[in-house]
Amino acid sequence: GTVKDVGLFATELNTYDNVFLFVPNSELWNTRIKNFTRLERRMIDLEFGVSYDDDLEQAKSVLLALAAGEDRLLDDPAPKTFVKTLGDSSVSVGLRVWCVTSDYWAVRWALTERGKRDLEAAGLSIPFPQMDVHMQPRQAAE
């Protein structure tokens, strides 16, 4: 949220969804506060799952092209792609980019939507979790 007023006994805040909070300062003195808007830029860390059969270099190239096409991203640090995890049903390819803090959510949502579209347009598949079950015939008791 946004701090609206810091008084002698309490602090007034508005949350991101516009809910007013009145917090006694005694609750804030020994509490860690995470401020998402204080710094001028933020990192966006996205993860896209692709099939184990897909070409990882192609997936990374698609994501770098996606970043290059987004004007709201900062050039420094440069966009980065990498294999993040090897999951049960997919390989997670990470995309890390930086933007101005005020653009964070709009850019994050746009990259997520366009990332899915661009990966699929490149012929890469985005698998969903699945499980193979093998049934063994039950042996008769002797």
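Q: What does "partly exposed" mean here?
A: Take the relative accessible area of a residue in this predicted model. Under 20% is buried and over 50% is exposed. Whatever falls in between gets the label partly exposed.

Q: Is Arg-117 buried, partly exposed or exposed?
A: Check its relative accessibility, which is 48%. Buried needs under 20% and exposed needs over 50%. Arg-117 therefore counts as partly exposed.

Q: Which residue does Arg-117 meet in a salt bridge, and how is that partner classed?
A: The two side chains come together at 3.1 Å, N to O, and the partner is Asp-118. Asp-118 has a relative accessible area of 22%, so with the buried cut-off at under 20% its class is partly exposed.

Q: How many residues apart are Asp-45 and Lys-84?
A: Their side chains form a salt bridge at 3.3 Å, N to O. Asp-45 sits in strand 4 (residues 41–50), while Lys-84 belongs to strand 5 (residues 80–86). So this pair links distant parts of the chain, with a separation of 39 residues.

Q: Which strand holds the Arg that meets Asp-45 in a salt bridge?
A: Asp-45 also pairs with Arg-96, again at 3.3 Å, N to O. These two are 51 residues apart, and Asp-45 is in strand 4. Arg-96 lies in strand 6 (residues 91–100).

Q: Which residues are linked with Asp-45 in a network of salt bridges?
A: Asp-45 has salt bridges to Lys-84 and to Arg-96. Glu-47 is part of the network too. The residues linked with Asp-45 are Glu-47, Lys-84 and Arg-96.

Definitions and conventions. Residues are numbered from 1 along each chain as its sequence is written. This is a predicted model: local features need pLDDT of at least 70, side-chain atom pairs count only at pLDDT 80 or more; totals for chains, interfaces and linings use all residues. Side-chain values use heavy atoms; hydrogens and water are left out. A salt bridge is a side-chain nitrogen of Lys or Arg within 4 Å of a carboxyl oxygen of Asp or Glu. Helices (H or I, at least four residues) and strands (E, at least two) are DSSP runs, numbered from the N terminus. Buried means under 20% relative accessible area, exposed over 50%, partly exposed in between (1.4 Å probe, protein chains only).
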